[in-house]
Amino acid sequence: MIKEKISSQEIIDLVASKASVSKRAAEEFLKVMITSIEEALLAGEVVKIKNFGTFKLQWNEPRKSVNIQSGAEIILSGYYKVAFTPDTMLKEQVNEPFAHLVPVELDVEIKKDEQEEGAEIASDPLRIFTEQAFEIKNLIFEIQALSDSKSATSEAAIGLENITEEKTVNDVIEDERAIKSSYNEDDLDMIEVENPKIPERAQDLSTEDIENPAIINLISPEDKESKLISDLSVTPYLENIKPTKKRKIWMWILIILFSLSSLWTCFYFIYPPVTELTRETIANSQYSVNKIAENMSISEIVNSISKWFTSDAKPANKPVTIVIPKDTNDFDSIKQNQLIDSLQYLFDNPLVYREFVATERINEGSRLTLMSKRYYGTKDFWVYIYEANKERIPNPDKIAVGTLIRIPKLDSRLIDATNPRCLKKARELHDIYVK
Amino acid sequence: MNNKELIASMAAKMNAPKSVVEVLLETTVATCTELLVEEKTIGFQSFGNFEVRKKEERLSVHPSTQIRTLIPPKLVVNFKQSNILKDKLKDLPHHD
């Protein structure tokens, strides 16, 4: 197929006449268009043109090859390639001549000559099948009337069995009776032997309950040629049971996975608020954070629950920030296990820095970590100093000389250097801030 | 760079209003689409060729379910960069 090639000059002419601008303007426009696309691509950008497509750079890895003359190995260097992905609009318009074709699922291999018509045949397979079933039925009756040899009748019986696969068992028996009555007395013996088998087989097939248009496609053209359906056509039919069963299994796996995931999401959304609530109630009853907590009524509990669901709807799985409690001194006489719980509470809540111990000026050689060591005993807790002064420190690694740093007053439990959880938390924050 | 940004940068280069550039770009796209629908090859000097290629029908097999599917033939647009553009791209350093 020789394709006509359109040069850019012709494009310019066409655009000029369509947009009713001068050719020079169109030429300049096209030039600018190409240069700007190129520039953007060279800058590593993706260029998208509406209704046309996307240009993108694609890196092709270097690969080994062989010099055809000498047989020596050479390495082809990697290179960039401009990849163009057409827009759906363009794709559809270009593919217009083949737009009516749809992918067809096949379960049996189709002969080459049938493949071309595959799409059309599949469009109405049931009608074609029934038509051909009638044809074959008529043929069988003709054969029965003409021939009196036993081999012919047995073949006919097998043929009928195959035709009636798609029908109900009753139909099969009725048909057999009709044939029976039309037969001579000589043939009767033969059919009586066949009869008990046929309903059984028909039942077996009907229980499988499969309808597959693709097989019908395969069978029907063969029918024309061989008049009778051979026994072979039964085997592909039985083979096709496997895929459908597999599909059913897949369906079940999908359903189970879906239900599991939904259960998990339910748990995920309900669990944190509930645990938080219990923790809070323990805290409230134990060390009177809230003065009214002693006679905390049910309505307050309900309020706190609703608070968890509304204001703090984003679950506490991302404790980026840390709270500093307002009243630190009251907590000295707490038991160890409650301490752990309240620690988690501190970790999970947003922070407020209100009180400050001191103010420091940054000099040459000042380090947040050194300050942390001086005030809190360990270097790791510098992150809290950074958090308290975030708005003045754009980059924790480079603090301008002369910056005033306020040292926040921290809850003694939060900066417990002997507690591995505190250290771990501080390091997590460290990883977040220092990247 | 999306359509709007492209138009903006082109308008800046041409000293023309954005609306004019937009109309011109739309006509160009429409013209190219028309030509491609007629299965013609479009060659932009120093940039590359747009070409319509026919993908033949094929038989695909689903790897897990073993279902065979006949994929019909289709026409696709293919872009091949010109050698000039390829040489320009050679200067780009590769970092990954």
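**Working through the model**

Reader: Which residue in S4(B) stands opposite A:Val104?
Author: B:Leu70 is the one opposite A:Val104. Keep in mind that this is a predicted model.

Reader: Which strands pair there, and over how many bridges?
Author: Strand S7 of chain A, residues 104-106, pairs with strand S4 of chain B, residues 68-71. The pairing is antiparallel and runs over 3 bridges.

Reader: How many residues does each chain put into the contact?
Author: Chain A gives 56 residues and chain B gives 53 residues. On the chain A side, the largest share comes from helix H2 of chain A (residues 23-42), with 9 residues. By class, the side of chain A that touches chain B has 32 nonpolar, 15 charged and 9 polar residues.

Reader: Predicted, you said. What is the mean pLDDT of chain A?
Author: The mean is 68, and 56% of the residues in chain A reach 70 or more.

Reader: Where is confidence lowest and where is it highest in chain A?
Author: Helix H12 of chain A (residues 234-239) is lowest, at a mean of 38. Strand S2 of chain A (residues 47-49) is highest, at 91.

Reader: Where does pLDDT stay under 50, over which residues of chain A?
Author: One stretch is residues 179-242 of chain A, for which the model has 76 contacts beyond four places in sequence. Residues 152-169 of chain A also stay under 50, and there the model has 43 such contacts. Where pLDDT is low, the predicted coordinates should not be read in detail.

Reader: Fine. On to chain B: what is its secondary structure?
Author: Chain B has 3 helices and 5 strands. Starting at the N terminus, the order is α-α-β-β-β-β-β-α. Of the 96 residues in chain B, 22% are buried.

Reader: What about the nonpolar core: how many residues are in the largest one?
Author: The largest nonpolar core has 36 residues, and A:Val15, A:Val47 and B:Ile42 have the most contacts inside it. Both chains contribute to this core: helix H1, H2, S2, strand S6 and helix H3 of chain A each give two or more residues, as do helix H1, helix H2 and strand S1 of chain B. There is also a second, separate core of 19 residues, which includes A:Leu368, A:Tyr384, A:Ala388 and A:Ile393.

Reader: What does B:Ile42 touch?
Author: Leaving out residues up to four places away in sequence, B:Ile42 touches A:Ile6 and A:Ile11 in chain A, and B:Cys32, B:Leu35, B:Leu36, B:Asn49 and B:Phe50 in chain B.

Reader: And B:Cys32, is that buried or exposed?
Author: B:Cys32 counts as buried because it has 24 C-beta neighbours inside 10 Å, where the cut-off for buried is 20 or more. It is found in helix H2 of chain B. Beyond four places in sequence, B:Cys32 touches A:Phe52, B:Ile42 and B:Phe50.

Reader: How many residues apart along the chain are B:Cys32 and B:Phe50?
Author: They are 18 residues apart, and their C-alpha atoms are separated by 8.9 Å.

Reader: Back to helix H1 of chain A. Which residues are buried in H1(A)?
Author: A:Ile11, A:Ile12, A:Val15 and A:Ala16 are buried. Seen down the axis of H1(A), the buried residues fall within an arc of 130 degrees, so they line one face of the helix.

Reader: What covers the buried residues of H1(A)?
Author: The cover includes S1 and H2 of chain A, and H2 and S1 of chain B. After H1(A) comes A:Ser20, which has a positive phi, near 50 degrees.

Reader: Now sheets. What is the order of strands in the open sheet of 4 strands?
Author: The order is S1(A)-S1(B)-S2(B)-S5(B), with mixed pairing.

Reader: Which strands stand at the edges?
Author: Strand S1 of chain A and strand S5 of chain B do. Each has a single partner strand, so one side of each is left without a neighbour in the sheet. Inside that order, S1(B) and strand S2 of chain B pair in the antiparallel sense over 3 bridges, and B:Phe44 has B:Gly48 as its bridge partner in S2(B).

Reader: Last one: how many residues of strand S8 of chain A are buried?
Author: The count is 0 among its 6 residues, so to speak hardly covered. S8(A) pairs with strand S9 of chain A (residues 404-408) in the antiparallel sense over 5 bridges. In that pair, A:Phe356 stands opposite A:Pro408.

Definitions and conventions: Residues numbered from 1 in each chain as written. Chains lettered and ligands numbered in written order. Predicted model: local features only at pLDDT ≥ 70, side-chain atom pairs only at ≥ 80, totals over all residues. Contact = placed C-beta atoms within 7 Å. Nonpolar A, V, L, I, M, F, W, Y, C, P; charged D, E, K, R; others polar. Pairing = 2+ DSSP bridges. pLDDT = per-residue confidence, 0-100. Buried ≥ 20, exposed ≤ 12 C-beta atoms within 10 Å, placed from the backbone. Core = buried A, V, L, I, M, F, W, Y, C linked by C-beta atoms within 7 Å. Arc of directions from axis to C-beta.
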